[in-house]
Amino acid sequence: QVHLVESGGGLVQPGGSLRLSCAASGRTFSIIAMGWYRQAPGKQRELVARISSGGSTNYTESVKGRFTISRDNAKNTLYLQMNSLKPEDTAVYFCIADSVAAGTPWQFWGQGTQVTVSS
């Protein structure tokens, strides 16, 4: 089992920045990748960014050049630096962790943190 707790959400003006954090605990040694999803009201949940255990990253097109995903393995913490925020970035952001235990893949989710971009 992997437990994930997000923090860092809030209200920010357009053009502003926020940094989300996700602290992982439990069987963190089984994690092979982590990422951030978001879900806006009335929209489907979408993958925002993902980072593998080797450090490879990928982003959804709409956030490329504005968001940066990173992880501190020593602290078991995942980050999402969000710059040049737009109203359309408003959503609940969820941290996820992909792990493998005894050959079985698992995906764990945090409880989510609200990001609101508005003037």
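The largest nonpolar core has 28 residues, and those with the most contacts inside it are Leu4, Met34, Trp36, Leu80, Met82 and Tyr93. A nonpolar core here is a set of buried Ala, Val, Leu, Ile, Met, Phe, Trp, Tyr and Cys residues joined through side-chain atoms within 4.5 Å. Buried means under 20% relative accessible area, exposed over 50% and partly exposed in between, with a 1.4 Å probe and protein chains only. In soluble globular proteins, nonpolar side chains tend to be buried together. The model is predicted: local features need pLDDT of at least 70, side-chain atom pairs count only at pLDDT 80 or more, and totals for chains, interfaces and linings use all residues. Residues are numbered from 1 along each chain as its sequence is written, and side-chain values use heavy atoms, with hydrogens and water left out.

Strands giving two or more residues to this core include S1 (2-7), S3 (18-26), S8 (77-82) and S9 (91-101). Strands (E, at least two residues) are DSSP runs, numbered from the N terminus. S1 has a covered face made up of Val2, Leu4 and Glu6, while His3, Val5 and Ser7 form its uncovered face. S1 and S3 run antiparallel and are joined by six bridges; strands pair if DSSP finds at least two bridges between them. Leu4 has Ala24 of S3 as its bridge partner. As for Met82, leaving aside neighbours within four places in sequence, its contacts (heavy atoms within 4.5 Å) include Leu18, Leu20, Phe67, Tyr93 and Val115.

Which residues does the disulfide join? Cys22 is joined to Cys95, with S to S at 2.0 Å, where a disulfide is a pair of cysteine sulfur atoms within 2.5 Å. Cys22 lies in strand S3 and Cys95 in strand S9, so the pair ties together parts that are 73 residues apart in sequence. Both cysteines are buried.

The structure also holds three aromatic pairs. Rings of Phe, Tyr and Trp (its six-membered ring) pair if their centres lie within 6.5 Å; planes under 30 degrees apart count as stacked, over 60 as edge-to-face and the rest as tilted. The Phe94 and Trp109 rings have centres 5.9 Å apart and planes at 70°, so this pair is edge-to-face. Phe94 is buried, at 12% relative accessible area, whereas Trp109 is partly exposed at 31%. Tyr37, Phe94 and Trp109 form one aromatic cluster. The charged end of Arg45 sits over the ring of Phe94, 4.3 Å from its centre; this requires NZ of Lys or CZ of Arg within 6 Å of the ring centre and within 35 degrees of the ring normal.

Technical notes. Helix = DSSP H or I, 4+ residues; strand = E, 2+ residues; numbered from the N terminus.
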